[in-house]
Amino acid sequence: MLDHILSILIFFPALAGVLGFVVHKDSMRAYGIAVSIIEFALSLWLWFAFDNGVSGMQFMEQLPLIPAFGVNYILGVDGISLFIIILAAFFTMIGIASLTDTKDVKNMIVTLLFLQMTMVGVFAALDAMVFYVFWELSLVPMLYIIGAWGGEKRIYASIKFFLYTFAGSLVMLVGVLFMAYFYYQATGQWSFAILDWYRLILPESFQLWLFAAFFLGFAIKVPMFPFHTWLPYAHGQAPTIGSVILAAILLKMGTYAFIRFSLPLFPDASTFFMIPIAVLAIIMIIYTAMVAYAQKDVKQVVAYSSISHMGVIILGTFALNVEGISGSVFLMIGHGVVAGALFLLVGVIYDRRHTKLMSEFGGLASVMPKYATIFGIMMMASVGLPLTINFVGEFLSLLGFYQQSHILTLLAGVAIIVGAIYMLTAYKKMFFGKVTKEENKHLPDVNKRELIALIPLVMITIWLGIYPKVLLGPISNSVESIVQLMHDKAVSHEAKIRIPNLSEGVEIITISQQGGH
Amino acid sequence: MSPVNISVESLNLVTLAPMLIPIVGALLILIIDMFKGGLDKSLYVMLSLLILFIDFNALLNSAGVFNQNGTMSGVFDVMLIDGLAILSQFIIVGASMLFIPLALTHKRFHEFSYPEFFALFLFMIAGFQFMVATDNLILVFVGLETASLALYTLIAMHNREKSFEAAIKYFTMGALAAGFFSFGAMVFYALTGSIEINQIAAVLSANGYADIGFVLIGVAFMLASFGFKLSMVPFHTWTPDVYEGSSAALAGYMSIVPKIAGFVVSMRFFEFLIHSGVVWLEVVLYILVVVTMTAANIWALVQTDVKRMLAYSSVSHAGFVMAAILIGTTQSNSALFLYWILFSFTNLGAFSMLWISRQKNLPTHQSSDHSFEKFSGMIKTSPMAASVMALFMLSLAGVPPFALFWGKMYMISSAVTGGYPVLALIMALNSAIAGYYYLKLIVFMFMKEPQTRSLGGAVYVTNATGALKTIIGFATIGTIFAFLAVNPILEFVTSFVYNSGY
Amino acid sequence: MEIGLNHYLVLSTILFSIGLVGVMRRKNLLMLFFATEILLNSVNIAFAAISHYYGDLTGQMFAFFVIAIAASEVAVGLGLLIVWHKRYNNIDLDYLNTMKG
Amino acid sequence: MFEAIAFYLFAFLTIAMFYITVTTSQALYALTALAAGMIFISAFFFILGADFLGAVQIVVYSGAVMALYSFGMMFFDTTREVKEKQGNKYIVVGLATVAAVLVVLIFSAPILSDNIIALYPIGEAGNTQEVGVVLFTKYLVPFEVAAIMLLVAMISGIVLAGKKMDASLTLMTEKEIQDMRKEKKSKKALL
Amino acid sequence: MELFLYTALFSPLVGSLFAALFSMSAKTKWAGIVPSILLGVSLTSSTILLFFVLGTNSTLHVEMMTWMETGGLYIPFGFVVDQVSVTMMMVVTLVSTVVHVYAIGYMDHDKGFNRFFAWLSAFVFSMMILVMSDNFAGLFIGWEGVGLCSWGLIGFWYQKESATWAANEAFIMNRIADLGMLIGIFLIYWNTGSLQYDIVFPAMATLDTTTLVWIGIFLFIGAMGKSAQFPLHTWLADAMEGPTPVSALIHAATMVTAGVYLVVRSNELYALIPNVGLFIASLGAFVAIFAATMALVNRDIKRVIAYSTLSQLGYMFAAAGLGAYWVALFHLMAHAFFKALLFLGAGNVMHAMDSELDPFKMGGLGKGMKWTMIMMTLASVALAGIFPLAGFFSKDLILEAAFVDHHLIIYGVLLLTAGLTAFYSFRIIALIFHGKDRHTALGFHPHEAYKFMLIAMSPLLLLAIISGFLFKGGFFEMVTTLLPATEYHIHDHLTYWIMTIGTQVFVIASIFYAYKKYMSPDIKVPDGTSAMEQSFKYKLLINQYYIPHFYAEYLVKPYRELSTIFWEKIDMKVVDATVDGIANAFYTTAEQTRGMQSGNLSTMLKWMVAGLIGLLSLAVVFGLAARHSDSIVIMLSGLGV
């Protein structure tokens, strides 16, 4: 069973989703929870069976899909993807468990299960085409979730979300096809296997174009400034569960893809574009943090804060060294947990008051102390307080990038200031002061069901803040191999310098480019 | 004048078999009707299905022969059975087999009540088969007209105002296109003294394209003529009206079969010109392809009727596929067939979904047969049908892993390998634009409230029978599990295309 | 002076253009069909001429089939017109306007 | 010389006839002019030695087609003046002129007809016979397909113009169809 | 010994968690008592560790577990007990224990009693991490941790707008400094490959000066925030919104001295870059006098004490900057004792006066609150630096250090500040405890604090009195095993005595002036009409040199406005509008061109012909071009193309 655990992880929820059509409406929630718990347990088993000492891919599976065109169903996980997969399983579970009285709960759960399939698929795929399939497919359930259960402007938001990301990824598809073509030119064989592509060294000029094509797809997904405007709408309109999964997992696809594709495939282009991307990332960090500060709707604050944090992740990724990339991978998980939790928390208050405007609240700390406490912890985690999960990632990302540019890191570091500004302000508006609104005076505090979802998140936030090593070990193991690969593949002098050489003398098999285009 | 001595073997009459079968079938139907009128349509449907089945087997036989002996020609070299001919006939006959059971609707419609419909249908198939299985422009022309004339009638037989209007429009524009075709053929005849494409190509290249001006005039007329058949902008204007006017089933059929025939002939005709380095043609085709894709896409954005939207979308798809001819590599030509095979599943499925929801009289809130409003909140009242419809829409939009994605992917890849990176990008971005209008239907189905909940889901399956459901089931399975079929299809198609020298 | 192939081709073109004018300006469908006949006929002249000057029968063949096609089109076209006329009692194409956009 | 005179004469006549056809507002004039133009075209065929084609032209066009059209005209009652709303004339004339000029521009150049091999050279045996041979060997298949096409046209004509299209089953409700069927049966029974 | 280390470190955490358990339930005494006892345990353990360090003259270094490890980075949770950190531990645990016990009484009537102790103990824990960590990352954990707790405690009365505002201000301002610190840490890591003190500092010697200067500056920026040095000082005065025990513990004794601790800890770094040191010293001296001037006129007891703290921090930085690290640390310790005492005394007064803070509304409180008066007076004497109290020894050393190093300007400034310190300290003493009774008229009925609160304060009183002359020698012995053992002796005995006595006289004169001025029965509650209040000097000082105003007007407001502009104008109107614009462009084009499909057959036919003409014209152009390509080439070349 372990041989196929990844396939099982991917298709078990889908199968359960199909079977879920048969389950009666009233029992659907229990069914969903059961399925997602099984899935989560399976993912934990995957972790258990995962060999921390191995830096490469594990649990590889391979089946021919379109061998004539080099498309194969290849799966595998390494330290980078493993934890995101677990996170995906975890958040689906938490999400379903925390579902409140949603209309059409059956459709919702089936959709969530399908979404889970695509999420796990993206992170487990080792074939660019399979990756692309899951990447695109993930849009569909999300579209439905936003569009069917969302707020007032849900249709606009969902279409914007879909089309924007769809357009970006189509450009990426062209890039993928080009990449396969270059591989074909070099070796005479079609292949979409990422591991095959890793062995291909491209001339720098090709790298730049391909990088740009991939970048557009990934950047919109992340979303990077200036492609970010779909996100506030999507978050603002999506139901709680949608926002949670969007923030926790779906956004990570973009940053994950940067690490999986852009860096190892195009080390020179990555170096070339490092500074411009870092500038974009800094704009993301500061600009969106300021925009978040100006928001009136608490969910929008969290939404913009997500963008801001994604900026740090991007920055860490493009540090091109082990510290930075490990940090960004860790921050993906950290931000997933924290942003997911914050959206859940916003959902809690929304369920009670059906508004998300901060001006409607105030003084909640005395009415809902437990809620305020959990919110406070998560806020502090979001701000990046040490010993919470986010700090580790942010610290490492910034630390990593510092090697590349001092002044840019200094600017990026403003994140910790502006982040504190909008978060504390929002917290103050909602929880501090006197209770002014009559409706707020008798709000019930968080109930058991909500606690079931929130307490584990708090525990993870602190546990991984104190003991990140469980994750950081495997992550940095795999990152090291990627960085080494990049260094070995780098063509330009600049890249050779920028990307550290971790171990002298390790040679990978390389295929040089034959014949131009 | 010496007597003509011809051996029957040299005629290679077997090449005619696949075309003769539907002709014989059509005559059979006419004869049956003559002896005993008033028989139920189910008889004719099944009869046609059987005939097409035999036809399909004949094609399989030809395919086997092709695999062994390569390209065959027969009957004084008029018939040309190469890979393209066989592949396109597979699509023609296969799509027809999927189409014909759609006649077994729950509600009664005019055309299916008359056996002539089925006879004309079979004649039309034979016409298309002749059209693709030759490189003689006369036979192309005659086959085309046979098929077209039958098609006009089929459209009109739906027997209501819009269908007559559609038929007349189609007919008149078709007549003009026929004029263009004959003029174009005349120019090439004047240039080369031949009306066989091989021969034309040989003479032209022997001349070194000295009369490039004449060639271009001829190509211009030919492009206009095929542009009409393939609905290239600005020769596409008939498409939306005709699709709207005909029954949904026939519209779906029209979006597939006549076009593949047109593609094959264009491939035969334009490919050698492209390869001979007629830059003009490349430029013009490039413009045509891009304009067709883009313009049709943006017009589809503003449609209020699903069928009309699908009409524009199929124009856009045709433009997309036309790129294959521009690129002109083996990969691109294979991609054309792959695309069209996958497209036929999806598009027939989509139109069939419209077909089963066709009402006889319009409720007040509906502006047309298949207005978007009609599908509001479909997920609430008939979730299964809505999901299937959404599936087809996603497939048409090119969302993986559904059928059409693989076609798109392979087509874009062929643009990439063919050295058309910008075109590849435009193709990709057009898919994104197209996403909007496919989504629009999904939005209506999944995200809006039903307009008349009292009716329930019945309105969406008012026309459904077992036969229709089976067809839709086929299409659904084909659309979802396309990724399993892509490899065999691709290998099959590539070997056929490659062995035909394209 | 010698009448060459070009003369015929030019004549054919002129006739074809007249046909085009007819196709474009006629609103009466029946008379529009006349114009389509002109189109086909003009091409026939050219075919016959080319056939003559090249000494090749193929052109005549094409012309022959064009005539056949024209005849068939007339049949179908008239059929369509009749059925329309029966219902709506006109054959002006401006009345064919239920579908647009 | 004779050839030249004949060419220019008939060229003028055909152009004039067809011009009338597309411009006159009298349907009858148009029909007559069309028929005359067709006959003048057959003259070209005779000049060019395509006797069989000339004959076919006269028989099929001037005979069959024209007869059909005149029946149609009577049916549609368009013998009187036809009123047509004209749009922008300049577009029409402009487009046609441009088309003519463009093509003529190219066509006035001589064709470099090297490498042309006449596949079916015109021999001495007389046009009709030769045509027959070619038609029934090389063009047998197209010929038969043309036959099918004519059959299709015939069926189409009958279906469309006949009584079958009178009542539209598409528009009728099931009940109306049932009633109509019953009525028909009872009529038959009476007869 | 490790056991004691962990006990000292984690007892406060346990106490905090214990109190946090009850944080949402009604007040229970245990939530206060248990953390206090646990702090006592921590104090005891620290004391044992102190004696261990003193006795064996060795240090204790443990590594609990790995925190982060990736690439070349390795950060453990490592703790070190050496002479410096054990001093800090003692100060922290001692003051906190006192404050905890005191707070049981002080917070007696507060609804958030349990929550208060949770925060307070958490603070102690963070502070312990800060001082005990053996690496910069661990220091940073504590650094941020105390910031968090400070936020929670300043904003403890969260219903008050001013409290929450002050809390956020403190947090954000500290964050600005933390960024500097973070950058400093990055610099250290990328230059030395580690963050462990015992690896970093030896490696410093090999680095080039520029790098060291940058490291020094960035670390100091971090210190500036925590220790509220100019220009990041405004939060400290506002932080007085928190409960008074908090001010005593955090904003006087411990947290704000973290910056000094950092500089002292990094003495090996700053020793290499004397220029930066000089800058630190100058800034310290500036802050000393700058804060003292603001304290002169302020009408809020706690704020006066806060400015005094600020001023004293300036002293410490001056010392540290001049390389007198042990002096700085010594002053830190002494200051902690008497300043905490002063605050707690102020707390008593506040308690008595129903949270009234304006000393002008008090007067004559000495009668009812004898013990408080005595304690505060003694604390002020210590603060003023009168022999033989603690302040004399520590402060005098700083002056000497400045003098010996020939930084006479710094010396002068610090000397002047000493006088100001004495003046403002006794200004409030005089106003509160002496003179005419002004409070009865305003309806206050002051009473002395609980006994046990006073008893709890007594250790501080004792230390404020004796720590100077009793500990100086031993302290020097102890810390100089780690820190540079510079002895500041003015060799000329005459000069020494003139200076010492002169300083004393100056200070005492200031005290008497203060008494004279503020004990007079004419003192009234100022109403803003007196000439003094109208003067520019007064306005400048009472408005804190308009710096908070400047921040509000030119930083906070523009930030808010810019944020709104970014959101409403740029994000919505430019970025998003572009995206929507592209989408709309397609849609509009479609709407405008769909007329092409007029549905009229004639138009359709015309389109077809037009398409043909289009193709034909392209064909002709191209055909002609091809035919005449040679001549075209000639023409083009003639045109110079």
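How many residues of chain D are in contact with how many residues of chain C? Let's find out in the close-ups below.

This is a predicted model, in which local features need pLDDT of at least 70, side-chain atom pairs count only at pLDDT 80 or more, and totals for chains, interfaces and linings use all residues. Residues are numbered from 1 along each chain as its sequence is written, while chains are lettered from A and ligands numbered from 1 in the order in which they are written.

**View 1. Chain D meets chain C.** Here 71 residues of chain D are in contact with 61 residues of chain C (contact: C-beta atoms, placed from the backbone, within 7 Å). α3(D) gives the largest share of this side of chain D, twelve residues (helices are DSSP runs of H or I, at least four residues, and strands of E, at least two, numbered from the N terminus). By class, the side of chain D that touches chain C has 57 nonpolar, ten polar and four charged residues (nonpolar: Ala, Val, Leu, Ile, Met, Phe, Trp, Tyr, Cys and Pro; charged: Asp, Glu, Lys and Arg; polar: the others, Gly among them).

**View 2. Chain B meets chain A.** In this view, 28 residues of chain B are in contact with 27 residues of chain A. α19(B) supplies the largest share of that side of chain B, twelve residues.

**View 3. A hairpin in chain A.** Strands β1(A) and β2(A) form a hairpin with four residues between them, and G70(A) in the turn has a positive phi of about 75°. The two strands run antiparallel, joined by six bridges (strands pair if DSSP finds at least two bridges between them). Look for E61(A) opposite L75(A) in β2(A).

Key: Two residues are in contact if their C-beta atoms, placed from the backbone, lie within 7 Å.
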